[in-house]
Amino acid sequence: MIEPFGYRKTIVIDDSGWGDLILGVVIGALELPAHRYMERRIPVAYFQPPLFEAREYLARTVAIVREVIRVVRADRATLFQVCSGYVLSAARRFLREEGYPVEDVEVTGELQERVERGFLRWCVEVGVPPDVLSPESGRNRFQALLGWVRENPRAREGLVKTGWRSWQARWRRVAYEGTGVVP
């Protein structure tokens, strides 16, 4: 991203993990032109009942953005370029209400790569083998993670975004097929 004319600095914010079966979401912020990076995690509990139904993850994104503002010492000459995805919608609204200039963007490049690596690192920390996450495996990541959960659904369901209707209606049954446990 290039620093837009008229702004002293730009903060670009992106997320990773929103569409993944397990864990929560990683939020990353990149301060330009310094290229300072900050990353925070929204735990999986925010994507499980009852927090998911209450959309508490949106409040958590706002709390993270408040921290970003404090850490980078943002002022009204700071432009925020925020990923246009839903999980950051409350953060974009908050920034606008606070008087910051905000652009909805599709994040690519350095920040997207760093946030994605942060989410993959989190997956490995909880025991997902790196080869399951590898694009070279030829499987899409959702199916690869579902396969990993299926290997031990009782132990791994606690890592799943169980608030999703699709988990409750379909994927939970698929995860437990052949285990002798009735979900």
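Me: What covers the buried residues of helix 5?
Reply: The cover includes helix 4 (130-133), helix 6 (153-156) and helix 7 (165-176). Contact means heavy atoms within 4.5 Å. The model is predicted: local features need pLDDT of at least 70, side-chain atom pairs count only at pLDDT 80 or more, and totals for chains, interfaces and linings use all residues. Residues are numbered from 1 along each chain as its sequence is written, and side-chain values use heavy atoms, with hydrogens and water left out.

Me: Which residues are buried in helix 5?
Reply: Phe142, Ala144, Leu145, Leu146, Trp148 and Val149 are buried in helix 5 (residues 141-151).

Me: Why is Lys9 counted as buried?
Reply: Buried means under 20% relative accessible area, exposed over 50%, partly exposed in between (1.4 Å probe, protein chains only). Lys9 has 7% relative accessibility, so Lys9 counts as buried. Lys9 lies in strand 1 (residues 9-16).

Me: What makes helix 1 oblique to helix 2?
Reply: Helix 1 (residues 56-72) and helix 2 (residues 89-97) pack at about 50°, axes 7 Å apart. That angle makes helix 1 oblique to helix 2. Angles under 35 degrees count as roughly parallel, over 145 as roughly antiparallel, 65 to 115 as roughly perpendicular and the rest as oblique.

Me: Which residues of helix 2 meet helix 1?
Reply: Ser89, Ala90, Ala91, Phe94 and Leu95 in helix 2 meet Leu58, Thr61, Val62, Val65, Arg66 and Ile69 in helix 1.

How values were computed:
Axes are lines fitted to C-alpha atoms, for helices over the stretch in contact, and angles run from 0 to 180 degrees between N-to-C directions. Helices (H or I, at least four residues) and strands (E, at least two) are DSSP runs, numbered from the N terminus.
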